[in-house]
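Subject: Handover of a structure and notes on its features

Dear colleague,

Please find below the structure that I am handing over to you. My notes on it follow, and I would be grateful if you read them with the model open.

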Amino acid sequence: MPAAELGEQLRAGDRRALARAISLVESTRADHRAQAEALLSELLPFTGGSHRVALTGPPGAGKSTLLDALGAQALLAGQRVAVLAIDPASAISGGSLLGDAVRMQRLAASEHVFLRGSSNAATLGGTAPGTREAVLLCEAAGFELVLVETVGVGQAEQAVRDICDTVLMLTLAGAGDEIQGLKRGLLEVADAVLVNKADGAGEPLALAFAQELAGALSLLRRDGATHVTAVSAQTERGVPELLSWLAARATTLRASGELMSRRQAQLERAFSASLSRELLLRVAQDERARALLPSLETAVKSGDLLPTAAARRLADAVFETSR
Ligand code: GDP
């Protein structure tokens with residue numbers, strides 16, 4: 001199907017067209033990439049309108065349950081919600097999609113919701129290569145709240161920060177996380193930390209942990225405090241407040257210009273990463289480079305040649321032949 005036609009269907013709210021378009025941007029096949037770029041270029045003017053929110057946290061923290069609760073409340077408030085679930089383990093187990101559908105029952109049932117698990121997400125940091133583009137497609141399709149769910153495994157937080165406007169980190173009290181260890185990761189990326197399962201017997205512990213975290217983070221972070229709160233995805237305690245906090249934050253981000261500068265910085269990093277990938281690809285295809293590579297690798301591994309010097313020699317060889 002030509003890009004223009006698929007784009008039109010997508011903009012008209014056809015969720016199957018959106019799903020097809022996302023498959024296209026996630027594909028690594030060269031012909032698919034070309035179609036994806038044509039489609040994205042066409043749709044670019046209609047993107048940018050959503051609040052891009054990441055939810056990260058360890059397995060079992062309650063991400064799916066919270067997304068269902070949060071999404072359901074957003075729906076009640078009249079928002080259209082897209083959930084892009086990125087599970088680095090799904091490429092191996094293949095089971096997360098079913099699990100997500102089970103846990104996000106209310107969302108799965110609504111026609112104002114788009115749910116998507118990524119099939120090829122086993123990349124560095126737990127975000128699929130096409131996730132950034134999938135977010136753009138959801139925006140062109142009119143979704144106002146795009147929730148990106150990912151398992152927090154260190155690099156994943158940085159990866160979602162490069163895609164989203166707001167990063168929510170879900171954690172549990174007494175999950176074995178040293179507060180000191182948590183802080184360092186949180187400081188860099190989380191805009192809000194949510195201590196989940198503040199219900200039943202776990203309630204006092206969750207409340208105490210949230211208070212402890214809030215105290216520690218307010219001391220450490222100078223550029224505005226991290227929002228820290230205890231929630232229960234199950235009883236929906238704190239969930240309406242979370243939705244209000246998100247709405248207020250979206251307004252502030254836009255009004256202050258921070259949204260624009262944050263997204264510009266993301267695009268700059270995306271460009272730089274794409275350029276590195278593109279150049280590496282070209283180098284890998286270059287005959288001189290391919291001939292030179294084994295001997296350079298051997299010399300580097302044996303300690304006879306500096307890695308920097310080897311890289312420069314290879315680049316010199318490529319750019320000389322292409323002149
Ligand atoms: P995920 O792996 O982070 O997506 O976590 P899930 O949403 O699948 O939840 C893991 C388990 O914790 C499930 O058995 C949920 O029913 C349970 N759970 C999730 N949220 C809460 C909560 O707020 N309170 C309690 N008590 N259990 C929860």
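In these notes, a helix axis is a line fitted to C-alpha atoms over the stretch in contact, and angles run from 0 to 180 degrees between N-to-C directions. Helices (H or I, at least four residues) and strands (E, at least two) are DSSP runs, numbered from the N terminus. The model is predicted: local features need pLDDT of at least 70, side-chain atom pairs count only at pLDDT 80 or more, and totals for chains, interfaces and linings use all residues. Residues are numbered from 1 along each chain as its sequence is written, and side-chain values use heavy atoms, with hydrogens and water left out.

Overall composition

The chain has 15 helices and seven strands. Of its 323 residues, 46% are buried, where buried means under 20% relative accessible area, exposed over 50%, and partly exposed in between (1.4 Å probe, protein chains only). A contact is counted when heavy atoms lie within 4.5 Å. Among contacts between residues at least 6 apart in sequence, 78% join residues at least 24 apart.

The packing of α2 and α8

Helix α2 (residues 15-26) packs against helix α8 (residues 131-140) at an angle of about 155°, and their axes are 9 Å apart. This makes α2 roughly antiparallel to α8; angles under 35 degrees count as roughly parallel, over 145 as roughly antiparallel, 65 to 115 as roughly perpendicular and the rest as oblique. The crossing of the two helices, α2 and α8, is right-handed, a term used if the near helix is turned clockwise from the far one by less than a right angle. On the α2 side, L18, A21, I22 and V25 meet E133, A134, L137 and C138 of α8. By class, this contact of α2 with α8 has seven nonpolar residues, no polar residues and one charged residue. Ala, Val, Leu, Ile, Met, Phe, Trp, Tyr, Cys and Pro count here as nonpolar, Asp, Glu, Lys and Arg as charged, and the others, Gly among them, as polar.

The sheet

Seven strands form an open sheet in the order β3-β2-β4-β1-β5-β6-β7, with parallel pairing. Its edge strands are β3 and β7 (227-230), each of which pairs on one side only. On average, neighbouring strands of the sheet are turned by 20° against each other, direction ignored. Two strands are said to pair if DSSP finds at least two bridges between them.

Strand β2 (residues 81-86) pairs with β3 in the parallel sense over five bridges, and V81 stands opposite V113 in β3. Helix α4 (residues 63-76) lies across β1, β2, β3, β4 (145-151), β5 and β6, running at about 175° to β4.

Strand β5

Strand β5 (residues 166-172) is mostly covered, with seven of its seven residues buried. In a regular strand the side chains alternate between the two faces of the sheet. On one side of β5 are T166, L168, L170 and L172, and on the other V167, M169 and T171, all of them buried. T166, in strand β5, counts as buried at 0% relative accessibility.

Individual residues

L115 is found in strand β3 (residues 113-117) and is partly exposed, with a relative accessible area of 30%. Leaving aside neighbours within four places in sequence, L115 is in contact with V83, M104, L107 and A108. The C-alpha atoms of L115 and A19 are separated by 9.2 Å, although the two residues are 96 apart along the chain.

Most residues other than glycine have a negative phi. K197 has a positive phi of about 70° although it is not a glycine. K197 lies in the loop between β6 and α11 (203-220) and counts as partly exposed at 40% relative accessibility. E236, also a residue other than glycine, has a positive phi near 70°. This residue, E236, is in the loop between β7 and α12 (239-256) and is partly exposed, with a relative accessible area of 21%.

With kind regards
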